[in-house]
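Here are some notes to read alongside the model.

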Amino acid sequence: MKKSYLFIGCLFLLVSLQGVAQEVALKGKELFGDISARQIGPALMSGRIIDMETHPTNAQVIYTGTAGGGVWKSNDGGASYAPIFEDHIQSIGQVAVDPTDPDQTVWVGTGEIWTRNSVSIGAGLFKTTDGGSNWKEIAGFENSERISGIEIHPKDGNVAYVGVLGALWSDSDDRGVYKTTDGGDTWKKILYVDNTTGVADLIMDPKNPNVLYASMWEFRRTAWNFNSGGEKSALYKSTDGGATWNKIHTGFPAGKLGRIAVAVAPSDTNRIYAVIESEKDEDKGLYVSNNAGSSWEKTNGDFGLTVRPFYFSRIVVDPKNPDILIKGGLSGSISRDGGKTFKALGNMHSDIHDFVFDIHNSDIMHAGTDGGVYRSWNGGTTMEIVGNLPLSQFYHISVDNAEPYRIYGGLQDNGSWYGPSSSPGGIEARDWVRVGVGDGFRVLPHPTKEILYSEMQGADNVWRYDMERNYTKNVKPLPVAGYDDLRFNWNPPMATSTHQPDRFYMGSQFLHVSEDMGDSWKIISPDLTTNDPAKQGKNSGGLSADNSGAETHTTIFTIAESPIDEKVIWVGTDDGNLQITKDGGENWKNVVANVPGLPANTWVYHIEASVHGKGTAYAVFDGHASGDMKPYVYKTTDYGASWKDITSDDLTLFARNIQEDYENENLLFLGAEDGLYITVDGGANWSHFTNNFPPTAVHFIDLQKQTNDIVCGTHGRGVIIVDDISVLRSVTPEILEKKVHFFDAKPGIMVEEGGFGGGSTELQFVGPNPGTSVAIKYYLNKRHTFGKMSLEIQDMDGNLITELGAGKSKGINIVRWNYSEKPPKLAAAKTFALGGFTAPRAKAGMYKAVLKKSKDTYETTFEIKNDPNSFISSPERKAQYDTTRDLMKEQEDLAYLVYELDEMVKAATSLKDTDAKATKVAQALIDELTALKETLVVTTGDNYVGTAPLQLREKLSAIYADVAANFEAPSQPQLDNIKLLTDRFDDAKTDFAKIKSKQFAKLEKYMAKNNVPALSIDSLEDFLKAK
Amino acid sequence: MKTIKLLVALFIAAIAFPTQAQTAEEIVANYHEATGGEEAWKSIKSMAMTGVAGMGPQEFPFTQIVMADGRMQTSIDLQGQKFVPQAFDGEQMWGTNFQTQKAEAMDAEASAQYKAESKDVIDSFIRYKEKGYSLKKLEDKTVEGTDCFTIKLTKKPIVVDGKEEENFTTFYFDKETFVPVMSESTAKSGPGKGSTAQTVYSDYLEAGDVYYAHNIITKFNGQTGQSIKIEKIEVNTDIDDAIFKMPQQ
């Protein structure tokens, strides 16, 4: 025993030493505990798809790699998909299934490869060997940014080739083709051109793994220009497993080349297709080789083939027929004559990036578009969207003050929308309302009216939309005399005012203000940009003109009017100017030179004018469009005269947006390329929020003031909400040192609503609701693992109301109570009665939450309130409550009576079975009790169509369930019905008492006389306690 | 005395296996040591558990009898009626149809799937080698706010919808207490097929000579699904073999 004490002493010493060594930091996963995000989609417009892949032998399995939403796997032939890559960066370039272990081994190359202006970045190469449950990063590709090809040897999964397209906005030595022969442990770069030329396509001959084709592409994007093509773009072939490479250009057009798509027909590997971007327009198009690339012949130069090579450069050949091929494009084109002629595919979202054919039936195909995955059952003639891919790519998000609040935002190539933060049955596709077309960006609700502003790319249209009248007016600012032509960003800034509800700002190179919701405009600034002509070129695209307006630069990008002083307005520009006026636009000052450590001309992505001080603001700068991936986040409290860097080493990638808390100045939310970060100490420490929040790019964050919800517009996973972050306001180092700390609970509101939702099929995405339960929040400094732990709700006198499952994580735990007490205990019967599943609602008032943790008890108090919007009076509410309780009691009294009755029958039966002489007295009792019971509860039938006529229990239970579920007082018909049933019960009680006093008394007498132990009946209290 | 034994076991484990250097086998050995010892686990022939299962706001008292040989019966009491949502007799899964209140056999694939894992009902890791399972240590992870070892337990493949699939579960062992605090597995069928569900373990309490999680919660996408609170566990009591057999109508 002494030994044990010694051991225990040592153990405590060990534990306490560990305790000393631990520093309490306001960061880490444990800070958030089980605060979990809510992904609400939407999925009805889905988002951009980069890559589609099939399993080589199982047609049920399909993978899709998405632009900003990770990797999704279908196990049902494309009917639905589930995410399998939730812990890593969500921008995907290539998914590859290992043909030697297709059920388990899958490779993912990150970084999307259709290099539009708004692409996210990747973070290397990953591999799973268990079908996607666990992923391992493969070392060596950390700086690859974009992986365009992964080819795996069909007989030896250790041999693989990876094509790195590489950095979009800067030089990179990481570009090229790499080879491993040990499953990814070591790599050799086997093809490299230079630091501007990356791998656009990497293809292995399906029948000869030593034959490889690699198209190398010279390309570069800046914030103001895109260049595709140059002297170094070329198509290479290796016939020796990548040891040597040769250009295969016989028959290729002369001059510079751009992006080249290449595909080998699986059923005839001498047939190679290449779509070539070339210097001369007449040379662009599809080239075919029938001798494995030795020579080429152009077959077609249609628009569908040559359109936007940087965005559409994928050819897919039917696995069974070398003459059937599909080319990505604006609509997608299919040829059935070996590429001589093409027709457009069926109607689906435009901008088609990749396809797969079903491995057994080529009439079935799956297409990846800017608007999700579509499937066809008839060779591409008609297409239908997959309904459960919430990949929507928001550029911006805003919320209003409706109840429930609505979320507004614009999406890449998917217009503008608003939808509710909760909806009966969940947030369904049908809950979302379209309020703009084209590419959608910012959508702002009018502060007081049912009006919103939305826009499309480059402010081609700026709509003022009357939500009540479904009426739209284009109110875009137009060029005026005395000013240059307007330059609007692709993602044009707009802002409203908290001081003047009808005020509406827009930014070109000038700041425009309207005091009448856009009907008229006034310019209140000079050109606030650098107006650098070198960044205002009109010809973007390189070998293929691509003047969409996406590269319009030297524009205003963010506008913020101070919520404290309407004369203080901040403006940030995409070319790095940070401007402020303190007099409503009379005078402007560029304060960017005061920002320490910021490279010149770094894009001002967001300015947040603070509620905590007139001169306080936050600025987020984003240099990724010049290859600078570092985060730049600053705070000023003196109108920009000085700035403090509020980043920490916890942030690894660039950020775009910051949202301050309205109450705690030190609580900040940062939208980064790899997700959401939160600080509770003003930026000294940042923590990555990953609870049901994948590392997708967060483009914009808003904080809803009534609910304290953080609403994130992500560029790949739709809207993600962290409900009610108010608990983070009170996190301090002192709290983190306590064993248990209860946070003040916001009063729970028993919302009086009842309705029906649920119009979606099981293949459609439905976003979860936040619920209306009261949330009890507490911090545990250690995870509770050994010993009992429970959370009781008690009234203020300590009576148990109900018990809830306690959260036991280290960190913040949230336990919700839906205001239900325990349901009544019903009489035993043959079938179910509804009332047994209906719990009565608690009364408004104060309650205690009591945490019992092993031998310790901790408690807090909280309030629950009736719905402030209710039309129900207090007396009515009391009548509902009292009647519910009366009916509870009636049912439990009935349950007890039936229990007593059953026990008597049991005793009589037992006696009869063991003592023949007792038959007379026992059988008479059994007969009378059975006859009575048949009027009290259902004793025959089943729970479906064999149901028996309802008896007293079932009828009492039904009226109880009706009354308990209502908020109003019971109606007169209900009261009449209750009277009818309780009278019947009274009669039954009388009958039962009579039986007890006569037949049962006889039995008892017989038992006593024959020394049979008397029947023992539990008290009502014990009966109700028993489970 | 049990508590002292546990603390001693924890201490020995902490000394014997510095947390950074542990292999998968050591982590599992540590877990068994910390919860009563491998022999104590192996001596369990049956467990009879009673408790409350919760699904949303609804709660159902339940009884679950599990046998080391894989047989199992779960029953719940609803308004005076006893239902068997699922039972396994060693070969066949069956359960009560809630409409007709009669027992029905589950499909052959469900029975085969259950059978493949049936000897895990008491503990997945006991005799894992004999069962043909393998362990693999993966990257450490923070789970439930606490630092954990990650162990992948690969079982024998099972047939799902006519196709053989690999079958494994990932367990997260708390580095401080050595017991699993969470496991993750992939939904094998239905519309959520391929999605990951979590099972969270807490309230480790004595059950005979071992410590057993008395609170088990399943989660999906951060939302709680089913919650099981075990109130009593009886080990190696007499069990009527008849309860596992599907009643004949």
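**Notes on the two-chain model**

1. Strands here are DSSP runs of E, at least two residues long, and helices are runs of H or I of at least four, both numbered from the N terminus; two strands pair if DSSP finds at least two bridges between them. Within this pair, Met365(A) sits opposite Ser376(A) of S29(A).

2. Before going further, a word on conventions. This is a predicted model, in which local features need pLDDT of at least 70 and side-chain atom pairs count only at pLDDT 80 or more, while totals for chains, interfaces and linings use all residues. Residues are numbered from 1 along each chain as its sequence is written, and chains are lettered from A and ligands numbered from 1 in the order in which they are written.

3. Which sheet do S28 and S29 belong to? They are part of an open, antiparallel sheet of 4 strands in chain A, ordered S27-S28-S29-S30. Strand S27 (352–357) and strand S30 (384–385) of chain A each have a single partner strand, so one side of each is left without a neighbour in the sheet.

4. Now the overall picture. Chain A has 9 helices and 66 strands, and its C-alpha atoms fill a box of roughly 120 × 75 × 70 Å along the principal axes. Of its 1027 residues, 52% are buried (20 or more other C-beta atoms within 10 Å of the residue's own; exposed means 12 or fewer, partly exposed in between, with C-beta atoms placed from the backbone). Chain B has 4 helices and 13 strands, and 37% of its 249 residues are buried.

5. Contacts are counted when two C-beta atoms, placed from the backbone, lie within 7 Å. Taking contacts with a separation of 6 or more, residues 24 or more positions apart account for 57% in chain A and for 43% in chain B.

6. The two chains meet through 55 residues of chain A and 48 residues of chain B. On the chain A side, helix H1 (2–21) and helix H2 (29–32) each supply at least two residues, and H1(A) gives the most, with 6. That side divides into 20 nonpolar, 22 polar and 13 charged residues (Ala, Val, Leu, Ile, Met, Phe, Trp, Tyr, Cys and Pro count as nonpolar, Asp, Glu, Lys and Arg as charged, and the others, Gly among them, as polar).

7. Chain A is assigned domain 1 (45–383), domain 2 (392–476), domain 3 (480–537 + 549–645) and domain 4 (874–1025), with bounds from an automatic or database domain assignment. The C-alpha centres of domains 1 and 3 of chain A lie 39 Å apart, and 10 residues of domain 1 are in contact with 13 residues of domain 3.

8. Strand S17 (residues 234–238) of chain A deserves a look: 5 of its 5 residues are buried. Ala234(A), Tyr236(A) and Ser238(A) point one way, and Leu235(A) and Lys237(A) the other. S17(A) runs antiparallel to S15(A), joined by 5 bridges, with Ser215(A) opposite Leu235(A). It also pairs with strand S18 (residues 246–247) of chain A in the antiparallel sense over 2 bridges, where Tyr236(A) faces Lys247(A).

9. Which residues touch the most other members of the largest nonpolar core? In this core of 233 residues, they are Ile260(A), Ala263(A) and Ala274(A) (a core is a set of buried Ala, Val, Leu, Ile, Met, Phe, Trp, Tyr and Cys residues joined through C-beta atoms within 7 Å). Strand S15 (residues 208–221) of chain A gives the most to this core, with 7 residues. Leaving aside neighbours within four places in sequence, the contacts of Ala274(A) include Leu235(A), Ile260(A) and Trp296(A).

10. Last, a loop in chain B. Arg71(B) lies between strand S2 (58–67) and strand S3 (72–78) of chain B. Is this residue buried or exposed? Arg71(B) is buried, because 21 other C-beta atoms lie within 10 Å. Not counting residues up to four places away in sequence, Arg71(B) touches Phe88(B), Asp89(B), Gly90(B) and Phe244(B).
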